[in-house]
Amino acid sequence: MTSTPVSAPIPASAPDPDAPAADAPAVRSAEPRAQAVDTIAVHAGGTAESNDFTGVSRPVAVPIHQASTFTFDDADVFADAMGKPDAPFVYSRYGNPTTHALETAMAALEGGVAALATSSGMGAITAVLTTHLASGDHVVAQRRLYGGTFAMLRDLEQRYGVQVTYVSGDDPAEVAAAVRPNTRLLYLETIANPMTQVCDIPAMTAVARAHGILTVVDNTFATPVLCRPLAHGADIVVHSTTKYVGGHSDVVGGIAVFADPAGHRAVWDRIVESGVNPDPFAAWLTLRGLRTLPLRMRRHCEVAAVVAGRLAEHPAVSAVYWPGLPDHPRRDVVDRVLDGPGGMLAFDLAGGRAAADAFVHGVRLALLAASLGGLETLVVHPAGTSHRQLDAEQLRAVGIGEGTVRVSVGIEDPEDIWADFAQALPAGS
Ligand SMILES: *Cc1c(COP(=O)(O)O)cnc(C)c1O
């Protein structure tokens with residue numbers, strides 16, 4: 001088992017064009033080949049050295065380090081560690097080995113230098129916004145925002161003197177026109193809720209970079225499997241890991257991923273001050289979910305394709321919104337920005353609010369529930385629940401109809417989901 005091979009191993013695939021010439025020494029390249037997303041998800045943040053407690057073997061799964069504090073042999077090492085966002089670990093609000101494994105895995109998936117996990121998606125968003133915005137600063141934000149993010153920005157505006165300009169998110173020129181001398185930050189979402197508009201992230205970050213503005217992208221709906229905003233010029237990516245990354249509807253969490261170490265350090269200070277760190281068990285559950293994220297995302301896309309196609313053909317359905325449909329209004333953007341259409345879709349029922357209300361009450365397999373990205377198909381009627389305070393006119397302004405239903409397509413058999421939807425849909429117009 002320990003003998004040295006006398007000849008070079010047989011390559012498993014076609015020769016790599018970047019491989020050293022045949023006469024080069026038979027050593028492994030110092031540059032590791034970039035791994036595929038499935039491989040990264042399975043291994044990244046894996047068996048850290050901190051898990052090596054016997055010196056001869058290590059657990060394959062990252063253990064739950066359910067400890068609030070860590071002991072040191074040397075007081076100087078201890079003092080030095082207090083100012084560091086990574087190992088050695090001091091106290092679990094500052095950092096924790098289980099949480100750090102999750103952060104390492106998400107940083108690898110998003111192509112960032114580091115990440116910081118938080119107790120919720122809103123924790124990550126709040127930490128990032130309050131790190132980079134002070135009284136008198138200006139932020140340009142996409143109008144179609146997650147409700148909690150909109151509420152946070154409104155609070156920063158009304159109580160802390162931050163200025164906010166909302167833009168459609170479809171037009172880089174609109175962003176350029178909104179920029180002021182005090183603009184610090186551009187805030188975007190890869191795929192917007194619930195009508196699945198897709199943001200042209202590279203065009204938007206180009207404007208932000210030209211003006212020296214930081215771009216923050218909420219990538220919750222797309223996940224790093226379908227989009228990596230840092231590669232498109234964003235500075236920080238935020239997630240509600242409660243959704244697809246955790247993926248099992250059993251843990252609330254968030255994370256911020258950074259393109260540069262200084263950005264990471266600044267938000268770490270804010271997280272330590274504000275205490276939005278996750279519990280190690282929540283971080284562990286999230287990492288356990290992350291391991292199968294690419295597998296699940298492919299399945300969500302596949303099942304959503306069947307459901308979206310059947311809905312589009314149904315006589316009671318007047319419109320379907322899903323990035324995978326050939327008539328998506330931003331087909332060119334979808335093709336450039338996304339590696340897959342995702343599992344979130346919406347549709348309009350011709351029968352309006354009454355029909356949508358009847359549908360969400362009529363489904364038996366799908367569940368009527370908030371949140372998204374879990375294994376099970378969930379439905380909501382935005383006009384009747386999350387946006388019930390808006391009248392028809394206001395709903396139209398945010399792109400939601402009275403008869404709009406949002407679906408988080410799960411990983412069940414698509415025929416079973418369709419059988420359920422078919423019995424809950426009106427007979428047709
Ligand atoms: C759910 C969600 C959030 C907030 O995340 P929590 O984990 O609930 O705090 C932020 N952005 C988007 C797009 C979301 O769907």
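Helix 4 (residues 121-132) gives the largest share of the shell around the ligand, three residues. Helices here are DSSP runs of H or I with at least four residues, strands are E runs of at least two, and both are numbered from the N terminus. The model is predicted: local features need pLDDT of at least 70, side-chain atom pairs count only at pLDDT 80 or more, and totals for chains, interfaces and linings use all residues. Residues are numbered from 1 along each chain as its sequence is written, and side-chain values use heavy atoms, with hydrogens and water left out.

**Ligand site**

In total, 13 residues surround the ligand. The closest are M122, D218, S240, T242 and K243. By class, the shell holds five nonpolar, six polar and two charged residues. Gly counts as polar, and Asp, Glu, Lys and Arg count as charged.

The table lists polar contacts (pairs of N or O atoms within 3.5 Å).

| Residue | Protein atom | Ligand atom | Distance |
|---|---|---|---|
| G121 | polar backbone atom | oxygen | 2.8 Å |
| D218 | N or O atom in the side chain | nitrogen | 2.7 Å |
| S240 | polar side-chain atom | oxygen | 2.8 Å |

The protein covers 90% of the 380 Å² of accessible area that the ligand has on its own (Shrake-Rupley method, 1.4 Å probe).

**Sheet**

Which order do the five strands of the open sheet take? The order is 8-9-12-11-10, with mixed pairing. Strands pair if DSSP finds at least two bridges between them. Strand 8 (317-321) and strand 10 (367-368) stand at the edges, each with a single partner strand, so one side of each has no neighbour in the sheet. Strand 11 (residues 378-380) and strand 12 (residues 404-408) run antiparallel and are joined by three bridges. V380 has R406 of strand 12 as its bridge partner.

**Loop**

The loop between strand 4 (183-189) and helix 7 (201-210) holds P194. A cis peptide bond joins N193 and P194, with omega about -5°. T196 also lies in the loop between strand 4 and helix 7. Phi of T196 is near 60°, a positive value in a residue other than glycine.

Note on methods. A residue is near a molecule or strand if one of its heavy atoms lies within 4 Å of it. A polar contact is a pair of N or O atoms within 3.5 Å; within protein, one must be able to donate a hydrogen and the other to accept it, and residues adjacent in sequence count only if both atoms are side-chain atoms.
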